[in-house]
Structure formats: C-alpha cells, structure tokens
Amino acid sequence: MPSLYDRDTASLSRLQKLRFFPLAVTGGQGSYVRDEEGRRLLDLSASWGAVSLGQAHPAVAEAVAKALGDQAAASTLSNATLPAVTLAERLLELTPRGERVWLGHSGSDANETVARAVVAATGRPRIISFAGAYHGGTAGSMAISAHSVQEHAEKAAGLQVIPYPDPYRPLEGDASGGAILAALERAFETDCPPQEVAALFLEPIQSDGGLIVPPPGFMARLAALCRKHGILIVSDEVKVGLGRSGRFHCISHEGVEPDIIVMGKGLGGGLPLSAAIGPAEILDFATAFSMQTLHGNPVSASAGLAVLDTIAAEGLIDQAAEVGAHLQAALRALAQRQPLIGDVRGRGLAIGVELVSDRATKAPAAREAAKLVYRAFELGLVLYYVGMNSNVLEMTPPLTLSRTEADEAVTILDQAFTDVAAGAVPDEALAGFEGW
C-alpha cells in the first residue's frame, strides 16, 4: 500500500504544490498536526498563517457545524445572508475609513479585485508595488506582484516596482529607506507621472519577500507622498494582519490609515475566506464587476465571525505580542550560538530568521535553509523558508501559540541547526522538494 504522500504525488498536480519535505497531515489539535505515521509535529507555519486559531478550534468547528445544519444557500451573489452581512458589519467596525466590504475566497482574489477596481474607478491605469511583493496566485494578483517565483507571470501595463526597505540589506546603505523615496520622487518627475497612478500596494511586513519589517517612519513618509498626488494606499494584510503583529491591523504600527485593507488566510480560520475593506466609491464602483458563485459563502463567513469573536474573547492580539516577543528573544539568543543566523526580525507572531553563510558578507544561505527546514521536520517541527534568496525561515504559527510551545520550537531548531552544520542532511534528501 503506497503512503499518503506517495498517493498525493501520483494524483495531485504539481502546479499547485510548494513542497519542502514529505509531510502528509491526517489531523491535529491546537499548535500541533499529526502525520500519517501518527507523529505529532509542532506547527510554526499554520498553513502559511491560514489556521489562525490552530487546528480544530472548537469555536470554528461549532460555527461551521451550525451554518451547515441550517444552510442559508451558498452565496451572496443574488441574495443576502446573515453570516455575510454580520461579518461585513464587524469588519467595518474594526477598520478605520471602511465603508464597504467585498468578500472572496483568498488573498489572491481580493487583491486582484482591488487592483482592477482602483484602476477602473479612478481612471488611472498604473499601480505601484514593491520588489519581493507576493500579492497572490491569480493572473490579476500576479500582475501587480514582483516576487522572483513569479517571473513567468505577465505584469500589469505600467507597473512601477520600487525596492522594499530592508534595514538588514539597505539600498545604497540607507537603512531609513530614504533612498527609495528619493528614487520614487524622481520617477514621478520622469517616467511615472503620479497622475497616472491609481494605487500603491504595500505589505506592512513583507511576507514572502523575506519577512521584512520596514524601518520606523518609512511607510508614513511614503503614504504622505502618495496622498500628495491622490494615490490610494492599499495595505495587503493577508498574512500579517488580524492580530498577528500584536495589533489588529498590522499597518497600525506605521501610523498610517490606508484607503483599502485586504485580508485573507487567517480570516477563515482554515476555511477559504478573504475580504477587502474600503471606500464605497471604489467597492461600489459597479455591479457584477468581480463575482464568483461561492463568494460570501455563509459557512466560510460563519467561520470568519468565529475567528473575530475568538480573537477578542481570548485576548489573542495581546498574546501574539507577548509570545512573539518571547519567541524573538529566544531566537536572538539562539543566534549567539548558531552562526548561520544573520538576522531575527518580526512583529508579534510574524517572524523571520535570515540565514547567511557569512555574517560579514551576508551571503544568503539558501541550501542551508532548505536543509534546516527538512531536518526540523524530521525532529518534529513544521516551518518553511521564504525570501527572494530562499534563505529566510518564516514563522506564522497559530495566534494561540503558548510560551511553552515557543520554547519547544527553539529547542528543536537548535538541534536542527547543529545537525545541519554537522552534515546530517545530505543533498539527495532534498530531491523533489524545490521549495521557493
């Protein structure tokens, strides 16, 4: 009898896979998943942040069961439903400047919808985004992204890409990001007239580009420049929002109120659900403009309400801030004895650990990152790597992660680093696991 992972390989398309090791999940509780061999693994990814309350949270299970037990159709396309309306009202209460909510399945469809809507509603044809940005996997969301993994994708006409401010690898040695702002101002004066730009898409922490936290004040200065020219500000919070950073909206750390906020992943607690919250002049621009039959699905919307209720009831925003600070401190202590660690950064439970082969040159340690996550999996820990150089360990665990679980994760990582340095993971072990 072939293993579950082998059956997956034989039946499911590679087009939708991003694999780092042979994990086959059969169940889970809280911060742990169970694999096909019955092993219990601590999950520092939470399916890239999507399982925001952990595996099998009773509040989500109860909400989904109730919604299915008296199912109110399957859509908001041609009728109103109480779960979708209530979810929209709740999101508007939580979002400054919000007037309307668009509900979808994923961050990809939400970002695509916003990108199309801002151009159509303003009559301005161009978008600004950051190098390293990953706004989704649909044609429209890839068109405004600039991650190396999507080099195959056609880009939006006139897309203006600017560097993301990385204090660890600053452009022109300017850790404040001032050189980036100066370059954008020059572009406005030359080949990118600001009156042609509908919106700036930003990630308040750049996630798949390397879990990069911008320098203090940069986003506020960038927002002011955009406001000067009537350019809308879109905050993509798909992975880093919903309390993960220690604030409900991650952009709040920057003192910026965006025009539109995009949510996804963790909003559904493991079910497909996304949202765009913004002004009526954009999100009411036209009917039948961006619709799919299952948008606003009442089961997913009910799960979203359970997520919001639980975040509030269990104090998970404060817990993310406190446990995240504890985990980052432990990782910085780990860096004192593991020379592969070049930088530890993050906010709350959105954490990146950049691996380098030499701290002086900051040469990316991509192969070592691949071996590290593989060895961690063998030792009972699930996490992945991201970044334009494929060398940043990404940690987006459930918001319910405890200090004890954080300590367990660091203990496993310590052993994994030691084992990788000792050559415990041969190159051939990574065959078939391309990762990023």
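Buried means under 20% relative accessible area, exposed over 50% and partly exposed in between, with a 1.4 Å probe and protein chains only. W48 and W436 are both buried by that rule.

1. Basis. This is a predicted model, with residues numbered from 1 along each chain as its sequence is written. Local features need pLDDT of at least 70, side-chain atom pairs count only at pLDDT 80 or more, totals for chains, interfaces and linings use all residues, and side-chain values use heavy atoms, with hydrogens and water left out.

2. Aromatic pairs. Rings of Phe, Tyr and Trp (its six-membered ring) pair if their centres lie within 6.5 Å; planes under 30 degrees apart count as stacked, over 60 as edge-to-face and the rest as tilted. The whole structure holds 13 aromatic pairs. One of them, W48 with Y384, is stacked, at 4.8 Å centre to centre and 20° between the planes. W48 lies in helix α2 (residues 46–49) and Y384 in strand β15 (residues 384–386), so the pair ties together parts 336 residues apart in sequence. Helices (H or I, at least four residues) and strands (E, at least two) are DSSP runs, numbered from the N terminus. Y384 is buried, as is W48.

3. W48 and W436 pair edge-to-face, at 6.2 Å centre to centre and 85° between the planes. W436 sits in the segment after α13 (403–421), 388 residues from W48. Both W48 and W436 belong to one aromatic cluster, whose members also include Y5, F20, Y134 and F433.

4. Charges over rings. The cut-off is NZ of Lys or CZ of Arg within 6 Å of the ring centre and within 35 degrees of the ring normal. R116 lies over the face of F289, 4.2 Å from the ring centre. K362 places its charged end over the ring of Y168, at 4.3 Å from the centre.

5. Helix packing. Helix α4 (residues 82–94) and helix α10 (residues 298–313) have axes that come within 8 Å and cross at roughly 35°. Axes are lines fitted to C-alpha atoms, for helices over the stretch in contact, and angles run from 0 to 180 degrees between N-to-C directions. Contact means heavy atoms within 4.5 Å. Among the contacting residues are L87 and L91 of α4 and L305 and L308 of α10.

6. V64. This residue lies in helix α3 (residues 58–69). V64 counts as buried because its relative accessibility is 17%. V64 and V299 are 235 residues apart in sequence, yet 5.6 Å apart in space, C-alpha to C-alpha. Leaving aside neighbours within four places in sequence, V64 contacts L271, V299 and A303.
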